[in-house]
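Here's a quick briefing for anyone opening this structure for the first time. Have a look at the sequence and the 3D view, then read on.

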Amino acid sequence: MIKMKDVYKQYPNGIMAANGFDIHIKQGEFVYVVGPSGAGKSTFIKMMYREEKATRGEVTVNGIDLTKLKAKQVPYLRRNIGVVFQDFKLLPTLTVYENIAFALEVIEESPKNIQKRVMEVLDLVKLKHKARMFPDELSGGEQQRVSLARSIVNKPKVIIADEPTGNLDPETSWEIMNVFEEINTQGTTVVMATHNREIVNTIKHRVIAIENGRIVRDEQRGDYGYEA
Ligand code: ADP
């Protein structure tokens, strides 16, 4: 479902952040992306939702070649991809409910379906009782759960997460991982950049390791691998 073929990315400042990525991620896989800071992990995953455009090569998601996608088609692509960030990116003036409903309002779902679906995903992340609260009334872990609920409300085939536990304490990080696990068990592909060694070494999945813009390791049920 996600394919990269001979993908290169050069930023305008001349930095080569991708030097020939070749990967194939199948529907339903859970993939960790690991590597030192500046290795190219964010660049790798940003090219999967066209936040960055590859300079050369092919990036295909759900059969669509993202390198050929016009800018105005990008919002349509994003509807089929859930994205979760380290810093949550919730809208501070909207309630928990509204933050999640927003993604469905823009695609003009009926109010009845919106309510049903928002309550379903809030139930999944165990935050139904906080639907009327604002993001700044929630803990970091709760905000990340809202952000996860928002990312899956459209039922995307894939979720892409850039260090989703980066701002959370260890216990909260495990809670968030459990939600990712549950989403993955239901068939959603997960691609997650992370620095969390303990999680990668405990909840085993495929590991793609990147260094200097190159994939240096790609293992099923891999380890984190790097020294601290
Ligand atoms: P990681 O996520 O592994 O920390 P990144 O993909 O963010 O790595 O960065 C890879 C390299 O590309 C780094 O050298 C970084 O400085 C550079 N880089 C990232 N984003 C940009 C950008 N928008 N403009 C120029 N250089 C960038």
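Seven bridges pair strand β1 (residues 2-10) with β2 in the antiparallel sense. Strands, by the way, are DSSP runs of E with at least two residues, helices are runs of H or I with at least four, and both are numbered from the N terminus. Two strands pair if DSSP finds at least two bridges between them.

Before going further, note that this is a predicted model, where local features need pLDDT of at least 70, side-chain atom pairs count only at pLDDT 80 or more, and totals for chains, interfaces and linings use all residues. Residues are numbered from 1 along each chain as its sequence is written, and side-chain values use heavy atoms, leaving out hydrogens and water.

**The four-stranded sheet**

- This open sheet runs β2-β1-β4-β5, with antiparallel pairing.
- β2 (16-25) and β5 (64-65) sit at the edges with a single partner strand each, so one side of each has no neighbour in the sheet.
- Strand β4 (residues 56-61) is joined to β5 by two bridges, and the two run antiparallel.
- Thr60 has Asp65 in β5 as its bridge partner.

**The six-stranded sheet**

- Here the order is β6-β7-β8-β3-β9-β10, in an open sheet with mixed pairing.
- β6 (81-85) and β10 (214-219) stand at the edges, each with a single partner strand, so one side of each is left without a neighbour in the sheet.
- From one strand to the next, the twist averages 15 degrees.
- Strands β3 (residues 30-34) and β8 (residues 189-193) run parallel and are joined by four bridges.
- Phe30 has Val190 in β8 as its bridge partner.
- Helix α5 (residues 140-152) packs on the sheet, touching β6 and β7 (158-162), and its direction makes about 165 degrees with that of β6.
- Contact here means heavy atoms within 4.5 Å, while axes are lines fitted to C-alpha atoms (for helices, over the stretch in contact), with angles from 0 to 180 degrees between N-to-C directions.

**Around the ligand**

- The residues around the ligand include Tyr11, Asn13, Pro36, Gly40, Lys41, Ser42 and Thr43, where being near means having a heavy atom within 4 Å.
- Helix α1 (residues 41-46) gives the most to this shell, with three residues.
- The shell divides into five nonpolar, six polar and one charged.
- A polar side-chain atom of Thr43 lies 2.6 Å from an oxygen atom of the ligand.
- A polar backbone atom of Ser42 is 2.8 Å from a ligand oxygen.

How values were computed. A polar contact is a pair of N or O atoms within 3.5 Å; within protein, one must be able to donate a hydrogen and the other to accept it, and residues adjacent in sequence count only if both atoms are side-chain atoms. Ala, Val, Leu, Ile, Met, Phe, Trp, Tyr, Cys and Pro count as nonpolar, Asp, Glu, Lys and Arg as charged, and the others, Gly among them, as polar.
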